[in-house]
Amino acid sequence: MKIIIIGGSGGIGRAFVELLAKRESVGSIVASYHQTTPVFQHPKVSWQRLDLANETAIQSWSEQLDEIDWLINAAGMLHQPDHGPEKSIRQLDPDFFLKNIKINAIPTLLLAKHLQAHFKHGRKSLFATVSAKVGSIEDNRLGGWYSYRTSKAALNMGIKTLAIEWQRTLPNVAVAALHPGTTDTALSEPFQKNVPKEQLFSPANSVNAMLSVLDALEPHDTGKFWAFDGEILPW
Ligand SMILES: NC(=O)c1ccc[n+]([C@@H]2O[C@H](COP(=O)([O-])OP(=O)(O)OC[C@H]3O[C@@H](n4cnc5c(N)ncnc54)[C@H](OP(=O)(O)O)[C@@H]3O)[C@@H](O)[C@H]2O)c1
């Protein structure tokens, strides 16, 4: 299998790279990073720098790739050094909102746009993105985090729409949105203090759980939002 992991330098992305590299069925992994130089090295893994906010970069990077069996996008953002997620509408800042859209929602669709030819081989394949349960409109009980929630809801709509299009044009591909559970990474670190210990997963535990879900997916499962434990979440 030929696998692409986008955001392989992040907490969750790195666990995907490490766990998939151990599998005999996996022949090669192309993993992307942006600002964080990757530390994990493995003969099956080649690291490539990619800025997901730059469509031209995504396009030229895509052109040098070959056939793909699995693509998992594990890149994303929740906060920046000078900006946390909003507690109240008073804190809404259009620049921060658009940054969330630019990193959380648009890249998955640009990857689909520029990589779709690489899935035309007809083998059962997977195109998955790590979303977040807080992007579920129906499940929103707490409010807050306007920019992040909205960007993940937009991502979810993009995934659902892509799944419908690819059922016609790439019926071998299962398109999936994933919720990893609260996972101990730099992204969640400032918000972990109220999370009960048993509900804070290590990246390896979260990714192992998501891999169990992904391993079982068939093309007819396309267009769904999966939690790490196999529950189908409402959009
Ligand atoms: N951790 C959680 O509890 C949790 C819960 C729900 C959903 N999620 C989702 O899971 C995904 C992974 O999050 P994480 O917790 O692993 O976060 P993380 O450790 O902060 O990793 C974020 C990743 O996104 C990449 N990235 C950010 N901006 C980028 C850009 N412009 N171009 C390319 N790559 C970029 C980073 O690359 P560099 O570091 O190389 O710049 C890094 O690989 C995100 O989509 C997040 O929303 C996480």
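Seven strands make up an open sheet, ordered 3-2-1-4-5-6-7, with parallel pairing. Strands are DSSP runs of E with at least two residues, helices are runs of H or I with at least four, and both are numbered from the N terminus. Two strands pair if DSSP finds at least two bridges between them. Strand 3 (45-49) and strand 7 (224-227) are the edge strands, each pairing on one side only. On average, neighbouring strands of this sheet are turned by 20° against each other, direction ignored. Axes are lines fitted to C-alpha atoms, for helices over the stretch in contact; angles run from 0 to 180 degrees between N-to-C directions.

The model is predicted; local features need pLDDT of at least 70, side-chain atom pairs count only at pLDDT 80 or more, and totals for chains, interfaces and linings use all residues. Residues are numbered from 1 along each chain as its sequence is written.

Strand 1 (residues 2-6) pairs with strand 2 (residues 28-33) in the parallel sense over four bridges. Isoleucine 3 has isoleucine 29 of strand 2 as its bridge partner. Helix 3 (residues 94-115) lies across strand 1, strand 4 (70-73) and strand 5 (125-130). Its angle to strand 4 is about 155°. Lysine 102 sits in helix 3. Lysine 102 counts as partly exposed because 15 other C-beta atoms lie within 10 Å; the class falls between buried (20 or more) and exposed (12 or fewer), with C-beta atoms placed from the backbone.

The largest nonpolar core holds 48 residues. Such a core is a set of buried Ala, Val, Leu, Ile, Met, Phe, Trp, Tyr and Cys residues joined through C-beta atoms within 7 Å. Strand 6 (residues 173-179) gives the most to this core, with six residues. Ile5, Phe16, Ile29, Ala74, Val173, Val175 and Ala176 have the most contacts inside the core. Beyond its neighbours within four places in sequence, valine 173 is in contact (C-beta atoms, placed from the backbone, within 7 Å) with Phe119, Ser125, Leu126, Phe127, Trp166, Pro219 and Thr222.

The ligand is surrounded by 29 residues, each with its C-beta atom, placed from the backbone, within 6 Å of the molecule. The closest are Gly10, His34, Gly76, Thr185 and Leu187. Helix 1 (residues 11-21) gives the most to this shell, with three residues. The shell divides into 15 nonpolar, 13 polar and one charged. Here Ala, Val, Leu, Ile, Met, Phe, Trp, Tyr, Cys and Pro count as nonpolar, Asp, Glu, Lys and Arg as charged, and the others, Gly among them, as polar.

Methods:
Contact = placed C-beta atoms within 7 Å.
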